[in-house]
Amino acid sequence: MNARMSALFTALAAALLAGCGGDPPAGADGSAANAAPGAEKVLNVYNWSDYIGEDTIAGFQEETGIRVTYDVFDSNEVLEAKLMAGNTGYDIVVPSLTFLSRQVQAGVFQELDKSRLSNYGNLDPAFMALLATNDPGNLHSLPYLWGTTGIGYNVEKVREALGEDAPVDSWALVFEPENLAKLKGCGVAILDTPSEIIPPVLLYLGEQPNSFDEAVIQKGVDRLKELRPHITYFHSSQFINDLANGDICVAVGWSGDIIQAQARAEEAGKGVDVAYSIPKEGAPMWFDMLAIPKDARNVDNAYLFLDYLLRPDVMAGIQNYVMYASANQAALPMVDDAVLDDPGIYPDEDTKAKLFTLAVLPPEVDRLFNRHWTTLKTGQ
Ligand code: SPD
């Protein structure tokens, strides 16, 4: 196991082990078996955009003969609305852990039969213990990838706008209205999700980031209203290309997505230098989970796909392409050093100590967040 991951998750898991599930089943040969004879050879997957390896789906189709319909989303809120309405038509979905937690309570997912996952033992047990706090016993989900929410920026344009001392290591870069006003001219993107923007604003204002107190939440919203005139757009995936092309200079976004923007900018060779910063005040850390909806129609194929994703070579291929961290300890030897050594993907000890997980929002707080968000975006 990678020492960097180990230190983080062993520490967190120590406090949380009580809720851990049983031992994983012994691994078989690990390869994706063929679909059962006579079963329909299709699978419907709903995943985040920019979140799969270049050949992952093609490899699965080739090995199993199962045809995959692969759709994408870029918001937990959108996925949740579909799941709660039911009959999504999907066999595999990928909610973040805090959203999955309340979806489990709503009875949206099947319990996983781990005896059908020969590669389950590749997952880091310390990590699984941590995840069990939100999915007790790890009964309904498997970890896919994890990351942080921070700041992506165009090094040169931010320097031009704010000078050599631009506070790129702090939320002050984007949450201080006078800074954002100066960045407005080169373009500012913010994730279109209240549940991930309000908490870091509160943290920056010195409040408890996961507060459910209406008055505290209002302070964050008031600050966002001050920032609103300087925000070019709210969107949760467009910023990757825009940062890479130099069309915006700052994005509050997800670690791997910003590092993908950095890689695309380098490949394009037009002198755009993108960097990712996890602010010194602390930042959200999150986990995206694989789960099978209760009404999935191709359950056998869903298990084959999950087991395929758990294979070290498959997971390493995904990580090397999308630049996110995983909980698959067997994959680590195949993950590129460029990924393992990037502190934006696997943060160092000091940074890790400041990361926080987002709370599972009770329905009334969720509604409050969404009301504030709509008002903010429509500028009322
Ligand atoms: N492009 C893939 C981004 C995946 C982001 N997951 C978001 C988790 C939010 N808590």
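On a 1 Å grid over the protein atoms alone, a cavity is a set of points where a 1.4 Å probe fits but cannot get out, and lining residues have an atom within 4 Å of a point. Grid points are joined across faces, edges and corners, and a volume is the space filled by probe spheres set on the points. By this rule, two cavities of 30 Å³ or more are counted.

The structure is a predicted model, in which local features need pLDDT of at least 70 and side-chain atom pairs count only at pLDDT 80 or more, while totals for chains, interfaces and linings use all residues. Residues are numbered from 1 along each chain as its sequence is written, and side-chain values use heavy atoms, with hydrogens and water left out.

**Cavities**

| Cavity | Volume | Lining by class |
|---|---|---|
| Largest cavity | about 120 Å³ | six nonpolar, five polar, four charged |
| Second largest cavity | about 50 Å³ | nine nonpolar, two polar, no charged |

In these classes, Ala, Val, Leu, Ile, Met, Phe, Trp, Tyr, Cys and Pro count as nonpolar, Asp, Glu, Lys and Arg as charged, and the others, Gly among them, as polar.

The largest cavity is lined by 15 residues, and W48, W254, D257, D288 and Y324 lie nearest its centre. It lies between domain 1 (3-147 + 286-347) and domain 2 (149-285 + 359-378), because both give residues to its lining; the domain bounds come from an automatic or database domain assignment.

The lining of the second largest cavity consists of L123, P143, Y144, L290, L306, L309, L310, M315, S326, A327 and N328. Two or more of its lining residues come from each of β4 (142-154) and α13 (299-309). Helices (H or I, at least four residues) and strands (E, at least two) are DSSP runs, numbered from the N terminus.

**Helix packing**

Axes are lines fitted to C-alpha atoms, for helices over the stretch in contact, and angles run from 0 to 180 degrees between N-to-C directions. The axes of α9 (residues 194-204) and α17 (residues 363-378) come within 10 Å and cross at roughly 90 degrees. The two helices are therefore roughly perpendicular, a term for angles of 65 to 115 degrees. In contact (heavy atoms within 4.5 Å), P194, S195, I197, I198 and P199 of α9 meet F369, N370 and W373 of α17. These contact residues comprise six nonpolar, two polar and no charged.

Technical notes: Parallel < 35°, antiparallel > 145°, perpendicular 65-115°, else oblique. 1 Å grid on protein atoms, 1.4 Å probe; cavity = no way out; pocket = protein on both sides within 12 Å on 5 of 7 lines; lining within 4 Å.
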